[in-house]
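Please keep the sequence and the model in view while reading.

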Amino acid sequence: MTIRAALVLVLVLVGIAGCAAPSTAASPTPLPVSVTTPEAALAQVIRADKRLTGIAPRNPDAIGQSTWYEVVPASGVGAFIVTVRIGWGDCPAGCIDEHVWHYAVAPDGAVSVVSETGPTVPDEVWPSPNGAAQKTGIGGAVTAGPVCPVEKNPPDPACAPRPVVGAILIFRDAGGTEVARVTTAADGTFFAELPGGFYVVVPQPAKGLLGTPEPQSVTVAEGTAERLDLSYDTGIR
């Protein structure tokens, strides 16, 4: 059965259930919802799982995008299919693991899971872990490139920048005082939890890599996590 066929079946079953005899128990009347746009459909999915707060749209041209959503209309039923993908583990090379959902969002805002595949998502890779407010700080990915001596068009996934494991990043405040120091994980990612303010991120030389990124200035607003990606030079030409 195709995803769209499954969606039609879900909506038909929902309609049949709605025609059943009403329960005698009192229940609160839900606020009316009208889903007519992809943005509204995504909002309903995020309302159902707040851990998806902050998820970005899919960018087909991006290399190493680990987490994204995509919304398409469901033909003939006035609804939408929202696809959500969360990947982790060496995502610059395609991600070792991924979890994918296909949600059906009806015109009245009802959300149903059409299909779900993949291993359990680690707490730390959700766009908003545990549905809580996003942590304040600076996070991102550290990679090294070029990997191949000749760049190809379209890009060859085998030549995508590789994650840098064990790179040390020092965080200094506006006065130049070191306030944090982190080491990149196995997939090249990092996160430094910091209060809102101005910071300078100073990458340290990494073994086996010739070029070290220049220090980067980042201003962090309280309650937000700023994204910073850094690239080392492998020296391959």
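Which residue has its backbone nitrogen 3.0 Å from a polar atom of the side chain of T184? That residue is G166.

## Basis of the report

The model is predicted, and local features need pLDDT of at least 70, side-chain atom pairs count only at pLDDT 80 or more, and totals for chains, interfaces and linings use all residues. Residues are numbered from 1 along each chain as its sequence is written, and side-chain values use heavy atoms, with hydrogens and water left out.

## Overall composition

The protein chain contains two helices and 13 strands; helices (H or I, at least four residues) and strands (E, at least two) are DSSP runs, numbered from the N terminus. Of the 237 residues in the protein chain, 37% are buried. Buried means under 20% relative accessible area, exposed means over 50%, and partly exposed lies in between (1.4 Å probe, protein chains only).

A contact means heavy atoms within 4.5 Å. Among the contacts in the protein chain with a separation of 6 or more, 51% are between residues 24 or more positions apart.

## The nonpolar cores

A nonpolar core is a set of buried Ala, Val, Leu, Ile, Met, Phe, Trp, Tyr and Cys residues joined through side-chain atoms within 4.5 Å. The largest such core has 21 residues, and those with the most contacts inside it are I138, V142, V164, L169, F171, F190 and Y232. Two or more residues come from each of β5 (137-145), β7 (168-173), β8 (178-183), β9 (189-193), β10 (197-203), β11 (216-220) and β13 (230-233). The most is given by β5, with three residues. In soluble globular proteins, nonpolar side chains tend to be buried together.

A second, separate core of 19 residues includes V35, V71, V121 and W126.

Helix α2 (residues 38-48) has A41, L42, Q44, V45 and I46 as its buried residues. The elements covering these buried residues include β1 (67-74), β2, β3 and β4 (111-117). Strand β3 (residues 97-105) contains A104, which is buried, with a relative accessible area of 2%. Between A104 and V114 there are 6.3 Å, C-alpha to C-alpha, while the two are 10 residues apart in sequence.

V33 is located in the loop between α1 (3-18) and α2. V33 counts as partly exposed because its relative accessible area is 29%. Apart from residues up to four places away in sequence, V33 touches Q44, R47, P107, D108 and G109. The C-alpha atoms of V33 and Q44 are 9.4 Å apart, and the two residues are 11 apart in sequence.

## Two buried threonines

T184 sits in the loop between β8 and β9. T184 counts as buried because its relative accessibility is 5%. A polar contact is a pair of N or O atoms within 3.5 Å; within protein, one must be able to donate a hydrogen and the other to accept it, and residues adjacent in sequence count only if both atoms are side-chain atoms. Besides the contact with G166 at 3.0 Å, the side chain of T184 reaches the backbone nitrogen of A167 at 2.8 Å. Not counting residues up to four places away in sequence, T184 touches V142, V164, V165, G166, A167, T189 and F190.

T234 lies in the segment after β13 and is buried, with a relative accessible area of 13%. Its side chain reaches the backbone nitrogen of I236 at 3.2 Å. Residues up to four places away in sequence aside, T234 touches A144, G145, P146, R162, L209 and L210. Two of these, G145 and P146, are joined by a cis peptide bond with omega about -5°. P146 lies in the loop between β5 and β6 (162-163).

## The largest pocket

On a 1 Å grid over the protein atoms alone, a pocket is an open set of points where a 1.4 Å probe fits, with protein on both sides within 12 Å along at least five of seven lines; lining residues have an atom within 4 Å of a point. The largest pocket holds about 1300 Å³ of space. Its lining has 38 residues, of which E124, V125, G140, T189 and R227 are the closest to its centre. At least two lining residues come from each of β2 (79-88), β5, β9, β12 (225-227) and β13.

Key: Grid points are joined across faces, edges and corners, and a volume is the space filled by probe spheres set on the points.
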